[in-house]
Amino acid sequence: MSGASLTTAGAAAPAYRKVGSIRRERRWALIGAYVALAVFVLFFLTPPFHMLVTSLKSSAEIADLSGNPWVVRRPTLENYWELLQQGNYLLHFRNSVIVTLVVVAVTMVISTLAAFALARMRFWGSATLATGVFLTYLVPETLLFIPLFQIIGGLGLYNNLLAMILIYPTLTVPFCTWIMIGYFSSIPKELDEAALIDGANHFQMLWRIFIPVALPGILAATIFAFTVSWAQFLYPMAFLVSSENMVLTVGIVSDLIRGDTFQWGKIMAGALMAAAPPLLVYAFLMDYYIAGLTAGATKG
Amino acid sequence: MAQVSLRKVVKEYEGGVQAVKGINLEIADHEFVVLVGPSGCGKSTTLRMIAGLEDITAGEIAIGGTVVNDIPPRDRDIAMVFQNYALYPHMTVYENMAFGLTLRRFPKDEIRRRVENAARILDIGELLDRKPKALSGGQRQRVAMGRAIVRDPKVFLFDEPLSNLDAKLRVQMRVEIKKVHQTVRTTTVYVTHDQVEAMTLADRVVVMNQGNIEQVGTPQELYHRPATRFVAGFIGSPAMNMIPARLENSAGALRLHLPGEIVLPVPAERTQRYAPLAGREVLFGLRPEHLTEPKNLDRPNIALVEAAPEVIEPMGMETMMIFSLDGTEVTARLDPAVPVELGRKMPLAADLNQMHLIDPQSGRVL
């Protein structure tokens with residue numbers, strides 16, 4: 001039936017009939033993608049741009065509502081200068097660096113070992129344990145900080161940076177372990193077997209084969225742990241009270257907002273400088289980060 | 001160098017599935033033994049048990065006289081080449097080959113000497129600084145072999161090492177593996193599902209089926225004297241023709257009655273062997289190469305039959321002609337110069353000196 005109708009149509013129509021153009025379709029897809037990306041970038045770059053503009057204004061200019069708020073009339077670095085010269089900003093910065101570095105190190109050691117064990121050493125309950133690890137990540141910190149408050153108090157670590165080092169890994173370890181389980185699982189089993197036969201024990205296999213091969217995944221996990229620790233707000237807000245013990249996120253808001261007085265220029269300058277380290281880390285490791293996340297995604 | 005012994009080795013997986021059902025095998029020093037069989041026959045499991053990558057459920061495996069059941073792979077002094085090469089992607093070829101020696105704390109000079117020696121044997125000297133991703137499949141497999149050679153182990157284990165290569169390269173690497181074995185003479189256990197690989201490489205072939213060893217023998221033995229229907233069908237390409245037949249005794253002479261009114265005389269020297277089977281249904285086995293265009297007609301026990309080709313497969317050096325006898329497909333192997341025409345009857349010469357009779361019930365070759 002269809003054969004017959006095809007023959008009739010074929011007789012009337014020319015031998016070739018152009019029904020579409022892959023090139024044209026591709027061009028429209030590209031234009032669409034660029035427009036969507038442009039809107040996205042504009043939307044998300046507006047707040048940082050506002051921060052930058054405000055940080056370069058004097059307090060008087062910020063308070064003056066007559067001009068265009070997006071334009072700096074008399075640019076000044078006094079906000080940055082004062083922040084670095086007076087107050088506890090540098091102390092907060094140092095605290096953030098210490099907490100983040102220690103948390104990243106602790107997280108990476110624990111999650112690499114955990115992920116290797118869960119991905120490769122099939123033991124009783126390993127699959128359930130792997131799911132369990134991820135489930136702990138799903139409990140929101142807004143629920144956790146109340147019982148944690150009691151625990152931290154009981155340990156005598158209230159208003160102590162050590163509390164942050166102890167608590168942050170509860171956020172970072174589950175997710176990093178999960179990313180790395182996915183990444184380790186994607187490494188062919190024959191590679192471990194070859195290493196075993198070559199004479200490696202499990203630790204050598206992890207150190208000499210798994211870690212180098214899974215480096216993109218490990219870097220992705222590192223960046224994640226870094227970002228979470230650096231940007232954590234709720235726990236330091238709840239557990240740190242004196243300015244000299246604070247990290248950047250809470251230090252800026254608690255020191256630069258006095259009652260209803262907002263030192264907008266300094267807040268913006270402080271926030272911008274605080275955003276620099278993650279930005280640098282991302283810029284250097286972006287390619288690895290994306291490779292790591294996608295590898296985890298397909299296998300996890 | 002060492003011999004390998006498997007005694008009543010069983011592998012049972014969780015859930016009671018038996019992959020290997022109590023096999024016995026003795027592999028001599030310097031010997032090249034190939035385990036061959038279809039997927040799921042237990043050949044890879046057997047190899048992995050020798051390597052120590054799988055636990056043994058029951059039985060005993062000994063390498064060089066030492067029972068290795070509870071010895072981890074690294075202490076068994078074996079080297080293994082995997083199907084997908086399993087090269088460490090972050091290391092150069094040199095580092096890949098040196099890895100096992102480095103872990104065993106060999107002196108640097110000794111490592112270099114061994115790697116360079118292996119690289120020379122395998123002709124990969126100029127690749128030593130490259131990473132595996134910059135190598136072709138054949139080169140990768142050479143490096144994997146190099147990694148095994150530098151260790152100078154008691155036993156080489158090969159797990160389908162050529163399956164990922166294209167046909168041409170496979171033939172080339174096959175020759176390469178044979179040359180390497182002739183040079184280093186290490187006891188080798190090689191797993192493949194390709195019977196041509198098995199026949200060409202092995203000193204002895206072990207044919208496995210459903211977790212059991214069907215037959216162990218030299219390639220010639222397996223080809224000419226298969227013990228079972230499975231071996232007869234598995235070894236040889238194209239496979240042996242197996243035609244249902246009835247053995248009749250008429251006045252002291254045995255005759256085979258095949259479908260299509262074909263009657264073939266049983267060679268006199270086999271009469272005594274087959275006489276007790278008279279009156280029974282059997283399978284008549286004849287390899288395609290023993291069913292050809294009429295030739296050697298002056299020799300004894302060459303019978304002429306007629307058949308009309310249903311499919312013709314010209315291969316260049318020979319032509320396969322396929323016809324059917326009451327639904328059983330039969331392949332004949334013809335000289336390419338012989339004119340063949342679809343559907344037109346032609347005479348064929350069956351070399352009955354090479355025939356086999358198989359018991360259809362037990363599957364044993366009679």
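This is a predicted model: local features need pLDDT of at least 70, side-chain atom pairs count only at pLDDT 80 or more; totals for chains, interfaces and linings use all residues.
Visitor: What makes the contact between H5(A) and H11(A), residue by residue?

Guide: On H5(A) the contact is made by A:Ser96, A:Val99, A:Thr100, A:Val103, A:Val104, A:Thr107, A:Met108, A:Ser111 and A:Thr112. H11(A) brings A:Ile218, A:Ala221, A:Thr222, A:Ala225, A:Phe226, A:Ser229 and A:Trp230. Residues count as in contact if their C-beta atoms lie within 7 Å. By class, this contact has nine nonpolar, seven polar and no charged residues.

Visitor: Which helix gives the most to the side of chain A that touches chain B?

Guide: On that interface, 14 residues of chain A are in contact with 17 residues of chain B. H9 (189-198) and H10 (202-213) of chain A each supply at least two residues of the chain A side, and H9(A) gives the most, with seven. That side has nine nonpolar, two polar and three charged residues.

Visitor: How do you know that domain 1 of chain A touches domain 2 of chain A?

Guide: Four residues of domain 1 are in contact with six residues of domain 2. The domain assignment gives 2-55 and 87-299 as their bounds, and 39 Å separate their centres, taken over C-alpha atoms. The domain 1 side of this contact has two nonpolar, two polar and no charged residues.

Notes: Residues are numbered from 1 along each chain as its sequence is written. Chains are lettered from A and ligands numbered from 1 in the order in which they are written. Two residues are in contact if their C-beta atoms, placed from the backbone, lie within 7 Å. Helices (H or I, at least four residues) and strands (E, at least two) are DSSP runs, numbered from the N terminus. Ala, Val, Leu, Ile, Met, Phe, Trp, Tyr, Cys and Pro count as nonpolar, Asp, Glu, Lys and Arg as charged, and the others, Gly among them, as polar. Domain bounds come from an automatic or database domain assignment.
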